[in-house]
Amino acid sequence: MTWHVEVSGADCIASGMCAALAPEYFELETEHAEPITSEVDPDEVLLDAADSCPVQAILIRDGDREVGPRP
Ligand code: SF4
């Protein structure tokens, strides 16, 4: 199983939370964060980062199913 990770550059406010929580998965660019790679093995840390984003700019999908942020 592989998860797909996206950051909405339009929504991200560059808080840096995701890069601080999961530096192995996210990096903060000048204006917004980016996933280091978009296809990743499932990891709880990714869900924590998606849940912690203040503007819910991180989307994690398992195929067509959204797994993060959690409701
Ligand atoms: S936590 Fe959300 S708002 Fe903050 S840098 Fe990451 S994607 Fe952007």
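Author: Helices here are DSSP runs of H or I with at least four residues, strands are DSSP runs of E with at least two, and both are numbered from the N terminus. By that count the chain has 2 helices and 6 strands. This is a predicted model: local features need pLDDT of at least 70, side-chain atom pairs count only at pLDDT 80 or more, and totals for chains, interfaces and linings use all residues. Residues are numbered from 1 along each chain as its sequence is written.

Reader: What pattern does the chain follow along the sequence?

Author: The pattern reads β-α-β-β-β-α-β-β.

Reader: What makes the chain as compact as a globular protein of its length?

Author: Its radius of gyration, taken over C-alpha atoms, is set against the globule rule, 2.2 Å times the number of residues to the power 0.38. The chain comes to 11 Å, close to the 11 Å that the rule gives for 71 residues, so it is as compact as a globular protein of that length. The C-alpha atoms fill a box of roughly 30 × 25 × 20 Å along the principal axes.

Reader: Why is A22 called buried?

Author: A residue is buried if 20 or more other C-beta atoms, placed from the backbone, lie within 10 Å of its own, exposed if 12 or fewer, and partly exposed in between. A22 has 21 C-beta neighbours inside 10 Å, so A22 counts as buried. A22 sits in the loop between α1 and β2 (26-28). Across the 71 residues of the chain, 24% are buried.

Reader: Which residues does A22 touch, leaving out those up to four places away in sequence?

Author: They are V45, L46 and A49. Touching means contact: two C-beta atoms, placed from the backbone, within 7 Å. A22 and V45 are 23 residues apart along the chain, and their C-alpha atoms are separated by 6.5 Å. For the chain, take contacts between residues at least 6 apart in sequence: 49% of them join residues at least 24 apart.

Reader: Which residues touch the most other members of the largest nonpolar core?

Author: C18, L46, A49 and I58 do, in a core of 15 residues. Such a core is a set of buried Ala, Val, Leu, Ile, Met, Phe, Trp, Tyr and Cys residues joined through C-beta atoms within 7 Å. β1, α2 (44-52) and β5 (58-62) each supply at least two residues of this core. α2 gives the most, with 3 residues. Beyond its neighbours within four places in sequence, C18 is in contact with F26, A33, A49, C53 and I58.

Reader: Which residues come nearest to the ligand?

Author: C12, S15, M17, C18 and C53 do, of the 16 residues around the ligand. A residue is near a molecule if its C-beta atom, placed from the backbone, lies within 6 Å of it.

Reader: How many residues of that shell are nonpolar?

Author: The shell divides into 13 nonpolar, 3 polar and no charged residues. Ala, Val, Leu, Ile, Met, Phe, Trp, Tyr, Cys and Pro count as nonpolar, Asp, Glu, Lys and Arg as charged, and the others, Gly among them, as polar.

Reader: What is the order of the strands in the open sheet?

Author: 4 strands run β4-β1-β5-β6, with antiparallel pairing. Two strands pair if DSSP finds at least two bridges between them. β1 and β4 have 2 bridges, and β5 and β6 have 3.

Reader: Why is one side of β4 and of β6 left without a neighbour in the sheet?

Author: β4 (39-40) and β6 stand at the edges, each with a single partner strand, so one side of each has no neighbour in the sheet. W3 stands opposite V40 in β4. D62 has R65 in β6 as its bridge partner. The hairpin of β5 and β6 has 2 residues between the strands, and G63 there takes a positive phi near 65 degrees.

Reader: What is the form of the peptide bond from G68 to P69?

Author: That bond is cis, with omega near 0 degrees. P69 lies in the segment after β6.
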